[in-house]
Amino acid sequence: MALREGALRLNLLLNSRTFYKFNSSVGVRSLSENVSSTPVTSSAPEIAGDHLIYTQEHFALKESLRKIIDQEINPHVEQWEAEGIFPAHKVFKILGSAGFLGVNKPVEYGGLGLDYSYSVAVAEELGHIRCGGIPMAIGVQTDMTTPALARFGSAELKQEFLLPSIMGDKVACLGVSEVGAGSDVSSIMTKAVRKGDEYVINGGKMWTTNGTQADWICLLANTSDGPPHRNKSLICVPMNLPGVQIARKIEKLGMWSSDTAEVFFDDVHVPCKNIIGQEGMGFTYQMLQFQEERLWAVANILTMMENVIQETIQYTRQRKIFKRPVLHHQSVHFRLAELQTEVELLRALLHCATALYIKGNDVTKLASMAKLKGGRLAREVGDSCLQFWGGMGFTSDVLVSRFYRDSRLMSIGGGADEVMLGIICKYMDILPKN
Ligand SMILES: Cc1cc2nc3c(=O)[nH]c(=O)nc-3n(C[C@H](O)[C@H](O)[C@H](O)COP(=O)(O)OP(=O)(O)OC[C@H]3O[C@@H](n4cnc5c(N)ncnc54)[C@H](O)[C@@H]3O)c2cc1C
């Protein structure tokens, strides 16, 4: 019954809200029906067969999103990459109006009320955007700044910050990392001191994606002098308050179209009611939020890797060296086959973790494994494929060189590879205790 209602809601909301209607050739069916029984017309090869976690609704959602990507985003990517920023308010309004900024968020706050597998499907599809910066900015909005608010925030807070973020009326950013604290989140220095019914915030945040354009920040700050895992809180802070300063926009190796800011907080007064959930629980909420961030990042980069492999196949098939296509050299086609195999293994891990997550399991270990593997595989795919493009791969004109630059972040951001290894070791009970 619940599944049937979810399918109905998805159908109704998407059809009523968006001008990007589902393709009429793809019928939306109940979530409980068997996917394989009805043949459908789609460019997605896997749509015709059984799928581990995706139903017709997932594929319909993907197809609808693809139209927005092809019509409203990809035609502008070159310009936005060159400008070092994309118009987040404009793009988010388009995505929000179509329901894509809150597929797994509550219906009463503008979401579609679906399970997390739909967010994974959306993240995969966003991988068709021809750069890493814009999908990352969207992911920050949907899966990095809002999960804790949706789960633990008060109704008033959700009305003020979650609803407009889902509708695309407000741009959000996440303030966890600082100049002196990235991998070690527990050592952040930003303080929010309670004075009456306000917090007074002092400190600074580094590497804040969407930071120069955001309307609010989901800020992790120390709200007491207690032990580092129990003294932190997540607070929704409007970015237009007196004392919030964008210190600078950071120039980067990749992710050019995504703005990254350093932000200072100088005696910023915020009502205490802006706290998400309970005071002192911020570290725990953020660790939970990281699970979705990591699954999202893996889903997103999977599609990018696949696209880079496919474009490399096309290029090397027509490019001739020593009187035959580059692709016909065994070292080339074997390597591409090996990379595609690794991509499929990673996809299997992601979908397994997603299936367990939507059933309510803690998938921290699997999500960390997938994030670790995703970062390492992206570096291999970028490096190997770029090599097969020869000099062309070294130009800025091709997707592979942008992927090579952008995807390097995967092994650093949202928890570096070594941080993932530490978490995996903890779950394997092989991490030496200090
Ligand atoms: C483009 C970009 C966007 C970002 N967006 C955001 C954002 O929106 N919000 C936000 O809060 N943060 C954001 N970040 C920050 C990101 O999450 C951090 O950069 C990341 O967590 C690493 O922290 P750090 O840079 O301080 O590196 P450090 O913590 O200084 O780590 C340096 C290196 O040490 C190594 N290392 C770490 N732990 C261990 C260990 N246990 N054992 C051995 N070696 C280890 C790793 O190789 C790591 O790369 C962003 C970063 C970038 C570059």
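Two strands pair if DSSP finds at least two bridges between them. Helices (H or I, at least four residues) and strands (E, at least two) are themselves DSSP runs, numbered from the N terminus. By these rules, strand 4 and strand 5 (residues 232-238) pair in the antiparallel sense over seven bridges. The model is a predicted one: local features need pLDDT of at least 70, side-chain atom pairs count only at pLDDT 80 or more, and totals for chains, interfaces and linings use all residues. Residue numbers start from 1 along each chain as its sequence is written.

The protein contains 13 helices and nine strands. Of its 434 residues, 47% count as buried; a residue is buried if 20 or more other C-beta atoms lie within 10 Å of its own, exposed if 12 or fewer, and partly exposed in between, with C-beta atoms placed from the backbone. Two residues are in contact if their C-beta atoms, placed in that way, lie within 7 Å. Among contacts with a separation of 6 or more, 72% join residues 24 or more positions apart.

Seven of the seven residues of strand 4 (residues 216-222) are buried, so the rest of the structure largely encloses it. Strand 1 (residues 172-175) runs parallel to strand 4 and is joined to it by four bridges; here Gly175 stands opposite Leu219.

Next comes the nonpolar core, meaning a set of buried Ala, Val, Leu, Ile, Met, Phe, Trp, Tyr and Cys residues joined through C-beta atoms within 7 Å. The largest such core has 112 residues, and Ile235 and Leu295 have the most contacts inside it. Helix 9 (residues 282-318) gives the most to this core, with 13 residues. Leaving aside neighbours within four places in sequence, Leu295 is in contact with Val120, Leu350, Ala353, Thr354, Tyr357, Ala367 and Ala370.

Helix 9 also holds Arg317. This residue counts as partly exposed because it has 13 C-beta neighbours inside 10 Å. Residues up to four places away in sequence aside, Arg317 touches Pro325 and Leu327. The C-alpha atoms of Arg317 and Leu327 are 5.2 Å apart, at a sequence distance of 10 residues.

The ligand has 23 residues around it, of which Val176, Gly182, Ser183, Trp207 and Thr209 come nearest; a residue is near a molecule if its C-beta atom, placed from the backbone, lies within 6 Å of it. Strand 1, strand 3 (198-209) and helix 13 (417-428) each supply at least two residues of this shell. The shell divides into 10 nonpolar, 11 polar and two charged residues, where Ala, Val, Leu, Ile, Met, Phe, Trp, Tyr, Cys and Pro count as nonpolar, Asp, Glu, Lys and Arg as charged, and the others, Gly among them, as polar. Domain 2 (172-280) and domain 3 (284-428) each give it at least three residues, the domain bounds coming from an automatic or database domain assignment.

Trp207 lies in strand 3. Its phi is near 65°, a positive value in a residue other than glycine, and Trp207 counts as buried because it has 20 C-beta neighbours inside 10 Å.
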